[in-house]
Amino acid sequence: MLTRIDHIGIACFDLDKTVEFYRSTYGFEVFHSEVNEEQGVREAMLKINDTGDGGASYLQLLEPTREDSTVAKWLAKNGEGVHHIAFGTADVDAEAADIRGKGVRVLYDEPRRGSMDSRITFLHPKDCGGVLTELVTSAAKGH
């Protein structure tokens, strides 16, 4: 069962500049930042609010760290903007299996490590109305 919008991923060319925009315009502060070598991105999670299921909703700002990363390729084709939407779930494995059973392509055979030690997988955008969709199970309560 999907429990919330976990985050909206936004691809950007300059993470620091984009963070400053969201800080100065909306008052959002960086809750967590990291470099994900596997995905080739530097990211900042801006916490928007807590949710009723113990999780939270975020904006995830993504800057590529190398030209061959998925985000770099996406930016080259589309420019800055919304990259994906992520839904929170208590069990990413079960949710992915259920969705796969409905004919939607799941991009990873096994979930991978995501932001803040979460477990993630993606659904093919061609099967989701053109929207790259991520499923997320938080590492710990409060994320």
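Since the model is predicted, local features need pLDDT of at least 70 and side-chain atom pairs count only at pLDDT 80 or more, while totals for chains, interfaces and linings use all residues.

**Stop 1: the whole chain**

Show the cartoon and colour by secondary structure. You'll get three helices and eight strands, in the order β-α-β-β-β-α-β-α-β-β-β along the sequence. (Helices, H or I with at least four residues, and strands, E with at least two, are DSSP runs numbered from the N terminus.) The radius of gyration is 15 Å, close to the 15 Å that the globule rule gives for 143 residues, so the chain is as compact as a globular protein of that length. That radius is taken over C-alpha atoms, and the rule is 2.2 Å times the number of residues to the power 0.38.

Switch to the C-alpha trace: along its principal axes it spans about 40 × 35 × 25 Å. Now try the surface. Its accessible area comes to about 7600 Å², with 52% belonging to carbon and sulfur atoms (Shrake-Rupley method, 1.4 Å probe; for residues, only the protein chains shown count as cover). Of the 143 residues, 43% count as buried; buried means under 20% relative accessible area, exposed over 50%, and partly exposed in between (1.4 Å probe, protein chains only). If you draw contacts (heavy atoms within 4.5 Å), take those with a separation of 6 or more: residues 24 or more positions apart account for 57% of them.

**Stop 2: the largest pocket**

Rolling a probe the size of a water molecule over the atoms shows where empty space is left. Here, a pocket is an open set of points on a 1 Å grid over the protein atoms alone, where a 1.4 Å probe fits, with protein on both sides within 12 Å along at least five of seven lines; lining residues have an atom within 4 Å of a point.

Select Gln 39, Tyr 108, Ile 120, Phe 122 and Glu 134: of the 30 residues lining the largest pocket, these are the closest to its centre. The volume is about 410 Å³, which is the space filled by probe spheres set on the points, with grid points joined across faces, edges and corners. Next, highlight the elements that give two or more residues to this lining: strands E1 (2-11), E3 (41-50), E4 (56-64), E5 (81-89), E7 (119-123) and E8 (133-137), plus helix H2 (70-78). (Ala, Val, Leu, Ile, Met, Phe, Trp, Tyr, Cys and Pro count as nonpolar, Asp, Glu, Lys and Arg as charged, and the others, Gly among them, as polar.)

**Stop 3: the second largest pocket**

Jump to Trp 74, Asn 78, His 83, Pro 125 and Leu 132, which lie nearest the centre of a pocket lined by 13 residues. This second largest pocket has a volume of about 280 Å³. H2 and E5 are the elements giving two or more residues to its lining, and H2 gives the most, with five. By class, the lining has six nonpolar, five polar and two charged residues.

**Stop 4: single residues**

Pick Phe 13, in the loop between E1 and H1. It counts as exposed at 52% relative accessibility, yet beyond its neighbours within four places in sequence it is in contact with Glu 63, Leu 75, Gly 79 and Glu 80. Draw a C-alpha distance from Phe 13 to Ala 76: they are 63 residues apart along the chain and separated by 9.8 Å.

Now go to Thr 18, in helix H1 (residues 15-26). Thr 18 is buried at 13% relative accessible area and, not counting residues up to four places away in sequence, touches Cys 12, Leu 61 and Glu 80.

Move on to His 124, in the loop between E7 and E8. His 124 is buried, at 18%, and its contacts outside four places in sequence are Arg 105 and Leu 107.

Last, open the backbone torsions. Most residues other than glycine have a negative phi. Met 116, in the loop between strand E6 (112-113) and E7, has a positive phi near 55° and is buried at 9% relative accessibility. Asp 117 is found in the loop between E6 and E7; its phi is positive too, about 60°, but Asp 117 is exposed, at 51%.

Definitions and conventions:
Residues numbered from 1 in each chain as written. Heavy atoms only, no water.
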